[in-house]
There are 2 protein chains.
Amino acid sequence: MNKRQTTLKDLAEKLNVSVATVSRALKDHPRISQKTKEAVWQLAADLDYEPNQLALSFRNRQMNAIGVVVPKIIYHLYATAISGIEDYANAQGYNIIICQSNESMEREKAIINELITSQVAGFIISLSSETNNFDHFTRLQKKGIPLVFFNRECEDVDADRVIIDNFQASYDAVDHLISTGCRRIAYMGGPAEVQISNHRLKGYQKALADNGITVDERLVQHCEFDKESVLSHARRLVYGPQPPEAILAFSDQIAINTMIACKERGLKIPEDVSIVGFNNEPVTELIEPPLTTIDQPGFLMGKTAAELLVRQIENSDTVIKPEKRILSSTLIIRKSTNRNRL
Amino acid sequence: MNKRQTTLKDLAEKLNVSVATVSRALKDHPRISQKTKEAVWQLAADLDYEPNQLALSFRNRQMNAIGVVVPKIIYHLYATAISGIEDYANAQGYNIIICQSNESMEREKAIINELITSQVAGFIISLSSETNNFDHFTRLQKKGIPLVFFNRECEDVDADRVIIDNFQASYDAVDHLISTGCRRIAYMGGPAEVQISNHRLKGYQKALADNGITVDERLVQHCEFDKESVLSHARRLVYGPQPPEAILAFSDQIAINTMIACKERGLKIPEDVSIVGFNNEPVTELIEPPLTTIDQPGFLMGKTAAELLVRQIENSDTVIKPEKRILSSTLIIRKSTNRNRL
DNA sequence: ATGAAAGCGCTAACAA
DNA sequence: TTGTTAGCGCTTTCAT
């Protein structure tokens, strides 16, 4: 029990050579005799020697770990993105430390602070919905710590980012709704601080304008992510004198809760109202009716973010101009928008 | 850019005192003069000093991090359990390093090995479905590294574990099915290596026996977690000459795919066949019909596992007898079992 | 071809 | 009350 790990010193003492020699032998250093090397290798195997990563990290003044900060891992997009990050990061020899901000800016700040003191090699971050102050990110940059945003980006900080074209995705979704004959189209947005929600709002507005439809401000809602908030905002839409003919939601969760409000109001989907979500969560094809939604490449998003981050980490001397990678998303058309009023 | 972190040495030099004095002053050591302390505190604040966790960990020969190894974080139970772990662990000053085995034993072994060399303080593990060899766990124990299993436990290793009473939960579910008039009841189990699947099988068998129902071995299936595997096993059940009147599934995902096979076969749920799942994933109340399922306290499971682990870590000198914490689960009855044949 | 020594940031036993 | 020293495990420069 509690057997100490074998160290270089242990090997050196048993072999009556110096620690330096053992260290070199293990890395197959050219100027160590074959005989010594073999003795070292043999003993290392016998004693189950494994280099102490913690000591290595300490010496390098940097952990071989990446800090990943996401709002919540139960959101399918983040769970899949994390797999993408892990996949690439592990292959490159990095562990990932996943932390959830739980949509709290304070928590996000605290996490980043802690991980800084742990000397993580870099950060991959998707903002909490509350985050409206960006000092903790600029602080990272001042310290020269690599940083990549994904999905929920931060326009005010000039860092690498991986996103989809939220404007276009939203534009296309609205365009699809219009093509099925809807004209009174509502937008159930996320919290007003979430920049991507606003990008989607812009796409929504532009699509309406391009089709000669006047934007009715009463059809735009900004809700929090909890069920109650969504329901209350959705009710404002559907219990009004003129319920919308279609609703574009910021996320599948919001779309689903909006569907609940619609059903509660007695509106049939898609006959009375069409619904479009965002993220293509697996649940969207299991509900009734299956939900039209925008598929985001979560795994690829994560993988790309990890690539950009590792690139930064491994080129910490050279200055790389921050890059914006825009991945393509796909509108998945299902029954929730399957009607034709034309 | 790339400004080095302030160290104790920096503070010491500026103040013309020794590093040791600074170190003590920062911890409010009783034998340092108030004057010195205040000077140190002031300068530390000015220079934004933060202790280097990596150096601390190195010195303690242990990271302030816990390794968490789960099959997949997209499974809702694990996502919620992780939140519970994170919650408690962070409060106790530990970070968590989450790794996914992706149901692969090789990956699980590799992860554990890596985290050992990183000197994590302990492990919280839920086995991959493939894991049928337990050397990597006994290795941890030989090294005296704290270990807690949760949900998918390992009976062959004597370690702390946090589980629900799978036998009882399954027994109760079958009992419920019988009470609604079903007698031909099938079990769609997980992979045969998954011990909790077998515990549930035992509960299923006992409930049948206790109600005077002969167990028909053809009604017991063991499938993998991918959709295709579930569908093919489910089809064996429903396309037979005598389809079951009810099906207990090892997980909600299996239950949902089984429902798909039932619908494909033209069986109505619950009129022709009742279905029960496991885990109470959020999706279960959104599908048609809503799924009867067993709710597991994921968050509490994680939190409890973290408690047990931290207890081990912080009492590494004393030997604590491994403990088995059994949390209670709840059968949530929904429409998928809402019929009465009696 | 090998060894000695310094140093990464911090703490603690021992000295003064 | 403060300083000196050694050491955690490893790499690397400089000697030999």
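This report describes the domain contacts, the chain interface and the DNA contacts of a predicted model.

## Basis of the model

In this predicted model, local features need pLDDT of at least 70, side-chain atom pairs count only at pLDDT 80 or more, and totals for chains, interfaces and linings use all residues. Residues are numbered from 1 along each chain as its sequence is written, chains are lettered from A and ligands numbered from 1 in the order in which they are written, and side-chain values use heavy atoms, with hydrogens and water left out.

## Domains of chain A

Chain A is assigned domain 1 (8-51), domain 2 (65-159 + 300-326) and domain 3 (166-296 + 330-341); such bounds come from an automatic or database domain assignment. The C-alpha centres of domain 2 and domain 3 of chain A are 30 Å apart. Contact (heavy atoms within 4.5 Å) joins 16 residues of domain 2 of chain A to 11 residues of domain 3 of chain A.

About 1100 Å² is buried between domain 2 and domain 3 of chain A, 54% of it from carbon and sulfur atoms. Buried area is the accessible area (1.4 Å probe) that two parts lose on being put together, summed over both. His76(A), Leu77(A) and Ser129(A) provide 40% of what domain 2 of chain A buries against domain 3 of chain A, more than any other three residues. Between these two domains there are zero salt bridges, a salt bridge being a side-chain nitrogen of Lys or Arg within 4 Å of a carboxyl oxygen of Asp or Glu. Two residue pairs, both at pLDDT 80 or more, are in polar contact across the interface of domain 2 and domain 3 of chain A. A polar contact is a pair of N or O atoms within 3.5 Å; within protein, one must be able to donate a hydrogen and the other to accept it, and residues adjacent in sequence count only if both atoms are side-chain atoms.

## Interface of chains A and B

Chain B and chain A each bring 50 residues to their contact. The area buried between them is about 4300 Å², with 53% from carbon and sulfur atoms. Leu54(B), Phe58(B) and Leu286(B) supply 14% of the area that chain B buries against chain A, more than any other three residues.

Two salt bridges cross the interface of chain B and chain A. The side chains of Asp48(B) and Arg139(A) form a salt bridge at 4.0 Å, N to O. Eight residue pairs, both at pLDDT 80 or more, are in polar contact between chain B and chain A.

## DNA strand C

DNA strand C has 28 residues around it, the closest being Thr21(A), Arg24(A), Arg24(B), Tyr49(B) and Arg59(B). A residue is near a strand if one of its heavy atoms lies within 4 Å of it. Of the atoms of DNA strand C within 4 Å of the protein, 61% are from sugar and phosphate.

A polar side-chain atom of Arg24(A) is 2.5 Å from a base oxygen of DNA strand C.

## DNA strand D

Around DNA strand D there are 27 residues, with Arg24(A), Tyr49(A), Thr21(B), Arg24(B) and Arg31(B) the closest. Sugar or phosphate holds 59% of the atoms of DNA strand D within 4 Å of the protein, and bases hold the rest.

Lys27(A) places a polar side-chain atom 2.8 Å from a phosphate oxygen of DNA strand D. A side-chain N or O atom of Arg59(A) is 2.7 Å from a base oxygen of DNA strand D, and one of Arg61(B) is 3.4 Å from a sugar or linking oxygen of DNA strand D.
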